[in-house]
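Me: Can you walk me through this one? I'd like to go question by question.

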2 protein chains.
Amino acid sequence: MAKARDTLFAALSDPTRRGIFERLCRDGDLTVRALTLQSGVSQPAVSRHLKTLKQAGLVIDRPEGRQTHYSARREGLGPLVDWTRQMGGFWEERLDALEDVLKRMDQ
Amino acid sequence: MAKARDTLFAALSDPTRRGIFERLCRDGDLTVRALTLQSGVSQPAVSRHLKTLKQAGLVIDRPEGRQTHYSARREGLGPLVDWTRQMGGFWEERLDALEDVLKRMDQ
DNA sequence: CGGATTGATAGCCATGCGGTTATGAATTAA
DNA sequence: TTAATTCATAACCGCATGGCTATCAATCCG
């Protein structure tokens with residue numbers, strides 16, 4: 001689905017949103033309030049960013065009482081990695097290097 | 001520079017622009033006209049997209065007579081790859097996957 | 001030279017998007 | 001039960017952005 005790719009790129013295009021995702025990747029499970037405190041924007045803004053990230057498959061929410069915990073879904077970056085590999089071949093080079101190592105180990 | 005990263009993500013966020021870059025990655029060196037013909041948008045639109053891509057370090061231009069050739073700068077994707085690695089640990093995951101394979105092969 | 005092609009820029013318009021405040025629903029605490 | 005906290009949604013606003021047409025400069029061809 002190229003649609004999913006579009007959604008993903010769009011979700012990552014905003015710095016604030018990317019900041020939230022980065023924070024979740026670093027610090028794991030956080031509430032909306034915690035995320036809001038250091039985001040520099042209002043709580044509703046954060047909530048909307050989280051909604052966008054969720055739709056892009058980059059976070060999951062875990063409601064718990066009156067607060068909602070969010071955490072990163074790193075696998076959501078998959079399409080981005082795939083696309084990068086298609087475009088660039090950086091990744092291939094590194095993977096190839098790795099495969100070489102493996103072959104050598106195999107002998 | 002986080003600024004460069006911002007520029008890069010922004011440049012890749014638009015589908016039309018990404019399409020142009022993909023095309024350049026596939027087909028190599030192309031003129032503005034060639035890119036316009038299959039882009040679905042007007043020539044000025046293409047020119048502006050190319051300008052954006054150039055500023056993001058994703059393409060280089062090569063003026064030649066009255067036409068300008070553009071080609072992809074794959075290294076421009078570097079910051080994207082770096083960021084992905086920082087976030088995800090896909091790399092690790094894949095390494096782990098490979099290790100699993102090795103273990104199985106080893107038995 | 002004169003007409004045609006190519007690409008870049010300027011100017012305009014519509015839409016999308018991120019930010020805000022206001023408010024409501026749900027849960028927790030007093 | 002009342003008050004306070006937490007989060008989501010709605011409504012609104014301003015700006016950035018992508019699309020277009022028009023145009024200009026430069027180059028190539030007759």
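Me: Is W83(A) buried or exposed?
Reply: First, this is a predicted model, where local features need pLDDT of at least 70, side-chain atom pairs count only at pLDDT 80 or more, and totals for chains, interfaces and linings use all residues. Side-chain values use heavy atoms, leaving out hydrogens and water, residues are numbered from 1 along each chain as its sequence is written, and chains are lettered from A and ligands numbered from 1 in the order in which they are written. Buried means under 20% relative accessible area, exposed over 50%, and partly exposed in between (1.4 Å probe, protein chains only). W83(A) has 0% relative accessibility, so W83(A) counts as buried.

Me: How many aromatic pairs are there over all chains?
Reply: Rings of Phe, Tyr and Trp (its six-membered ring) pair if their centres lie within 6.5 Å; planes under 30 degrees apart count as stacked, over 60 as edge-to-face and the rest as tilted. Over all chains, that rule gives a count of four.

Me: What kind of pair do F9(A) and W83(A) make?
Reply: Their ring centres are 5.1 Å apart. The planes sit at 80°, so the pair is edge-to-face.

Me: Which residue joins F9(A) and W83(A) in a cluster?
Reply: Ring pairs do the linking here. The cluster holds F9(A), W83(A) and, from chain B, F21(B).

Me: How many residues are in the largest nonpolar core?
Reply: A nonpolar core is a set of buried Ala, Val, Leu, Ile, Met, Phe, Trp, Tyr and Cys residues joined through side-chain atoms within 4.5 Å. In the largest one, F21(A), F21(B) and L58(B) have the most contacts inside it, and its residues number 46.
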